[in-house]
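Please have a look at the sequence and the structure first.

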Amino acid sequence: MQAVWAIVLISMRNAVRSKIVLVLLFFLLLTLIGLPLTVRGDGTLSGHVQLLLRYTLGLALLILSLATVWASCAAVSSDIRDRQIQLVISKPVRAVQVWLGQWLGVSLLNGGLWVLCILVTYGALRWTTRPAMLSAEDQETLATEILVAQRRVTPRARDLQAEVAREYQAARARGEWPPETPTSQIWPVIERHVSARANAVAPGGQNRWVFQLPRRVPPDRSLILRYRFAVSVLDMGAIGGIWRAGPPNDPRRFRESVRVAPLAWHSIAIPPEWVAADSTLTVEFANVHERPLMVLFDPDNDLRLMVYEGGFLANLMRAGLSLLFHLAFLSAIGITAGTFFSIPVAALTSFYLLLLLNAGRFVRRLATREVSLADTTDAGMLEQVVAAVTQGIYRILDIVIRPVYAENPLDFIAVGEWIGWGEVGYQFVVKIGLYGTILLGLGVWHLARKEVALPA
Amino acid sequence: MTRGLVAYTFARYIMNDQASAAQPSTVLSAPSTADAAAQVVTATHVVKVFRDFWHRPKVRAVNDISFEIRRGEVFGLLGPNGSGKSTTIKMLLGLLHPTRGQLRVLGASPRAVKAKARVGYLPEESYLYPYLTSEETLHFFGRLFDLSRQERDERIEQLLHMIGMQHARRRVVGEFSKGMARRIGLAQALINDPDLVILDEPTSGLDPLGCRQVKNLIQTLAQRGKTVLLSSHLLADVEDVCDRVAILYNGKIQAMGSIHQLLEQRSRYRLTLPDALPPEQLQEVLQAVRERLGAEPDIDHPRVDLEAFFLQIIERARHQKTTPSGTTPSDNIADYLASPATAPPPPSQAAPTPAAPVAAPVPRPRPEEVNERLRKLTGNPDPQE
């Protein structure tokens, strides 16, 4: 263990004394302090918090991620290039100790910088939203909606399969699709169509969604319904509507009239007493706009019921910890790439892998054939083979990428969404425990066999 | 002829001993009965071929070499640049892998951690971390050997004293001259009190004082039973300290054996005459030689070598100077490297004392010793004849 710590210390000392850390720190502080001073938000309190957390801290994270990849690629690779590793490998040191020492060195250093970034941002957030700067209403919004950790609950999915099947049969009967078109292509289209219709609100009509809450909500905390919608007519101004919440047959249930712009996020606070005994909350939207138009909700993305789970600082720390694991994962990629290649090649390889990881959603769509590179219906044998091989590659990529692809936690905390310990644990297990171990194994396997004194 | 010795050499063509003269291509193998347990390093038909990106053979750096190094031996790998010395050393350290053949270091594979724990290595260049201070560098390597803090502190103190760099303990290695960095490199190679010390061009970049000190150190280590493998293209260094050498050229061992075996010219003799021999007696001796041998002998004055002369000058200057700017000359050997039984270096190789004259007289041998030596050399039971 002493050898590992010796390598940890040396990699940290080298980074500090070569002024890499100093320069990185300068750019990070410049970003964290300079960006909020020079970029104006949308003037709202929520916009200000998002500017600080999502964009400013996000940019700092991006800088730190790039630096982490570069530094980790250089950690082993530059030791090999500058031949210092010859003196290390000729000592009673195992390849695994070299890998772990370098990885811990880079991770601890960048982890320290990341914690500093979080503290500076939190300080700036608290300073700029201190009571003297906000109205009483904004202070209330800040305390109940923004600087909190709320669990996101989406509406319970409706069973539309029977309706989709009916529509499908009707479409086939009407000959809307060529007979040779496979069901697998038609079904998703009809499914989307039926779902959109089921979640639309016709002029003068209303629609209803049921939210299943995970447990009893705190009695002193309102539930926040966050929503946005589209309308069937373009260039419309604010749309009038009425939100109701509570048992449908209760005449006293919660009611709030709104007049809000489409395609933007809005929120209303619903008192917790309207949650039913079975921990469900029924919500209705009535389209009472004076001009006839359809109001369209995407239930998976446009309707969120936010349930209070805890304080903001703890949530920020959990998000920070998740991202710390992500940085350590990036270090592992870089260190392993550095054992195989020279610095530029290792960095290029690592950045390409990162690009693939960040394209996880796109790869998933390709793998599930929602988007296809070749239209296999009219394709010849060769095209079909190429398409099948490509599809296979995307599926393998999806299997590899899916576990590590995750939404940016900063996006969640910026809107007060809760990040659970389960998610943090998952990030640790997958990014450090599983993928980190695989990368460690690869790097150690190669380093142990590598001839580190080959002539240049 | 007012001082010193008179020495001359003459051809011994009377003695027909040409066959025993060492030829450059002769490989003098080690005794076949050598105890395997005493063999610290064995190389058996080792080949190293460097390949290009496409795995095509590019250079055959080492070509079927076999040798062994025994415990307590100072073994030299001698050869010009590119002869395969460093490649051989790097294979012994596990930094390169032989293409064919087998290497054993301290009874194990060169890549085995347990063997590496007993090896000290000074590379041909100082591959040190430039942002670390001398002290941090030595602590780092001490930690790699799992030495305790106290052990490291003690050894580092002694090593810094030994290499004359106590005053530079907090300076970063990147600021050092090549010689100073080399000294730190030497110190790190000895921090684990190794059983096998591998020194690649150990005197490269060192001033004559440093060279002498390194050579003294090598001899001290050997006296303690340590095994030293050094590579060099500086012939004088190898000759000064090595028990045996292998001369490499083009990746092959061209000659191997003890220095004595390789360098002794058994067909020639050197005769050392007493100090202050009167010229008329010298003429008589020469005349006798001419008459007996029928040939004209060579005659000249002996010289001290430049290294010894330089060391005397510096030693004298050392007593006049107070503040060191680079390394501090030191004849000390770290305590843990020098056993109580360590004998001082031979007089001819020891640094001269400040009071010594520029050309110090070599102790004159007693007549019976001279006769005995001559008898051994010539095989003549009565050298007076």
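This is a predicted model: local features need pLDDT of at least 70, side-chain atom pairs count only at pLDDT 80 or more; totals for chains, interfaces and linings use all residues.

How many salt bridges does the rule find across the interface of domain 1 of chain A and domain 2 of chain A? The rule finds one there, a salt bridge being a side-chain nitrogen of Lys or Arg within 4 Å of a carboxyl oxygen of Asp or Glu. It joins Arg304(A) to Glu417(A), and their closest N and O atoms are 3.5 Å apart.

Residues are numbered from 1 along each chain as its sequence is written, chains are lettered from A and ligands numbered from 1 in the order in which they are written, and side-chain values use heavy atoms, with hydrogens and water left out.

Now to the domains themselves, whose bounds come from an automatic or database domain assignment. In chain A, domain 1 covers 2–149 + 312–449, and domain 2 covers 153–310. Ten residues of domain 1 of chain A and eleven residues of domain 2 of chain A take part in the contact, where contact means heavy atoms within 4.5 Å. The C-alpha centres of these two domains of chain A are 35 Å apart. Together the two domains of chain A bury about 860 Å², with 46% of it on carbon and sulfur atoms; buried area here is the accessible area (1.4 Å probe) that two parts lose on being put together, summed over both.

Let us turn to the two chains. Chain A contributes 31 residues to the contact and chain B contributes 30 residues, and the chains bury about 3100 Å² between them, 63% of it on carbon and sulfur atoms. Of the area that chain A buries against chain B, 21% is supplied by Gln2(A), Leu87(A) and Pro92(A), more than by any other three residues.

Across the interface of chain A and chain B the rule gives three salt bridges, and in a salt bridge between these chains Arg17(A) meets Glu136(B) at 2.5 Å, N to O. On the side of chain A that touches chain B, two or more residues come from each of α1 (2–17), α4 (84–89) and α14 (421–449) of chain A, helices being DSSP runs (H or I, at least four residues) numbered, like strands (E, at least two), from the N terminus. Of these, α1(A) gives the most to that side, with nine residues.
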